[in-house]
Amino acid sequence: MRVTTQSLGWSAGRGREAVPVLRPLDVAVEPGRLTGVVGPNGSGKTTLLHLIAGLRRPTQGTVHYAEADAARLSSRRRAQLVALVEQHPQTTLELTVRQVVELGRIPHVGRWPGSKDGDADAVAQALAVASVGHLAHRKWPTLSGGERQRAQLARAIAQRPRLLLLDEPTNHLDLRHQIALLQTVAGLGVTTVAVLHDLDLAAAFCDDLVVLDEGRLVAAGPTAQVLSERLVAEVFSVRARVQHTDRLRMSWSGLVRPDQLEGAW
Ligand SMILES: Nc1ncnc2c1ncn2[C@@H]1O[C@H](COP(=O)(O)OP(=O)(O)OP(=O)(O)O)[C@@H](O)[C@H]1O
């Protein structure tokens, strides 16, 4: 599902007190591709993700899922189309992992007569794809941070969304699981937008990037075109090497002072 924003913006507070958090931006998320949203802390990444998810109402502009204005969809329809994995998934309930993953089927309950088998298949497949099948009977509070992260991804996969939104999905994960998770997500073929902090992982796995800085869109497009040494220096104040080898690689070597930016590229 293609997702577009038109002059989408959000400000905190109202009237004269309003503080712009996300300046109006137009982005297009292409169907079936993994789009990374990157930028320094506080640049507006989570705000953009929440606006796309419909969790936050834009103070200006619109979001379209394919041809449909997202603001006009019922919350049930939106839940059928969009799955969001939050940065700090919390639940105090004593649910098992399987029960958490089954929550992903709620938007579809009653859609098809006798859909129970389909639900069971979706849950089983999601547990396997997110590598949490062995944890299916474990109670949520007993899980580690990384196990919770993967279980939440399984819940989102079980939802069979047309748009998957992930806020720092590699948080808490060891390197093997970071790579495995992004490989899994990239292989789903579902339109996905993921907020990522690790530029090397973004370089390796994202088809496209959206780069934000201080609430502004700095660049958007195919990763190999967007991710340059100059961009990393200007947006992140980090000296980096970007290599186009078997895969796109980004490695950093130190910080860049503002006075070093001028004329460096
Ligand atoms: N409700 C709010 N009221 C005031 N300011 C807000 C509100 N929500 C977000 N902000 C501010 O907007 C900016 C962008 O926040 P956002 O969480 O979108 O950034 P981010 O890029 O996801 O940051 P991080 O990388 O630290 O997670 C931050 O400076 C934040 O403090």
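The centres of domain 1 and domain 2, taken over C-alpha atoms, are separated by 28 Å. The model discussed here is a predicted one.

Colleague: Which element gives the largest share of the side of domain 1 that touches domain 2?

Modeller: The protein is divided into domain 1 (3–227) and domain 2 (229–265). The contact takes 14 residues from domain 1 and 11 residues from domain 2. On the side of domain 1, two or more residues come from each of α7 (199–205), β10 (208–213), β11 (216–222) and α8 (223–226). The largest share, four residues, comes from α7.

Colleague: How many residues of the side of domain 1 that touches domain 2 are nonpolar?

Modeller: Domain 1 gives 14 residues to the contact. Of these, two are polar and two are charged. The nonpolar residues number 10.

Colleague: Is Leu 49 buried or exposed?

Modeller: Leu 49 lies in helix α1. Beyond its neighbours within four places in sequence, Leu 49 is in contact with Val 37, Leu 165, Asp 167, Val 193 and Val 195. The cut-off for burial is 20 or more other C-beta atoms within 10 Å. Because Leu 49 has 23 C-beta neighbours inside 10 Å, it counts as buried.

Colleague: What distance separates the C-alpha atoms of Leu 49 and Leu 165?

Modeller: Leu 49 and Leu 165 are 116 residues apart along the chain, yet the separation of their C-alpha atoms is 6.9 Å.

Colleague: Which helix gives the most to the shell around the ligand?

Modeller: The ligand is surrounded by Ala 12, Val 21, Gly 39, Asn 41, Gly 42, Ser 43, Gly 44, Lys 45, Thr 46 and Thr 47. By class, this shell has two nonpolar, seven polar and one charged residues. Among its members, Lys 45 is also touched by Val 37. With three residues, the helix that gives the most to the shell is α1 (residues 45–53).

Colleague: Is Glu 168 buried or exposed, given its positive phi?

Modeller: Most residues other than glycine have a negative phi. Glu 168, however, has a positive phi of about 50°, and it is found in the loop between β8 and α6 (175–188). Because 21 C-beta neighbours lie inside 10 Å, Glu 168 counts as buried.

Colleague: Where in the chain does Arg 160, with its positive phi, lie?

Modeller: Phi of Arg 160 is near 50°, a positive value in a residue other than glycine. Arg 160 has 19 other C-beta atoms within 10 Å, so it is partly exposed. Its place is the loop between α5 and β8 (163–167).

Colleague: What percentage of the residues in the protein are buried?

Modeller: The secondary structure of the protein comes to 10 helices and 13 strands. The radius of gyration is 19 Å, close to the 18 Å that the globule rule gives for 265 residues, so the protein is as compact as a globular protein of that length. The share of its residues that are buried is 38%.

Definitions and conventions. Residues numbered from 1 in each chain as written. Predicted model: local features only at pLDDT ≥ 70, side-chain atom pairs only at ≥ 80, totals over all residues. Near = placed C-beta within 6 Å. Nonpolar A, V, L, I, M, F, W, Y, C, P; charged D, E, K, R; others polar. Rg over C-alpha atoms; globule rule 2.2 N^0.38 Å. Buried ≥ 20, exposed ≤ 12 C-beta atoms within 10 Å, placed from the backbone. Contact = placed C-beta atoms within 7 Å. Domains from an automatic or database assignment.
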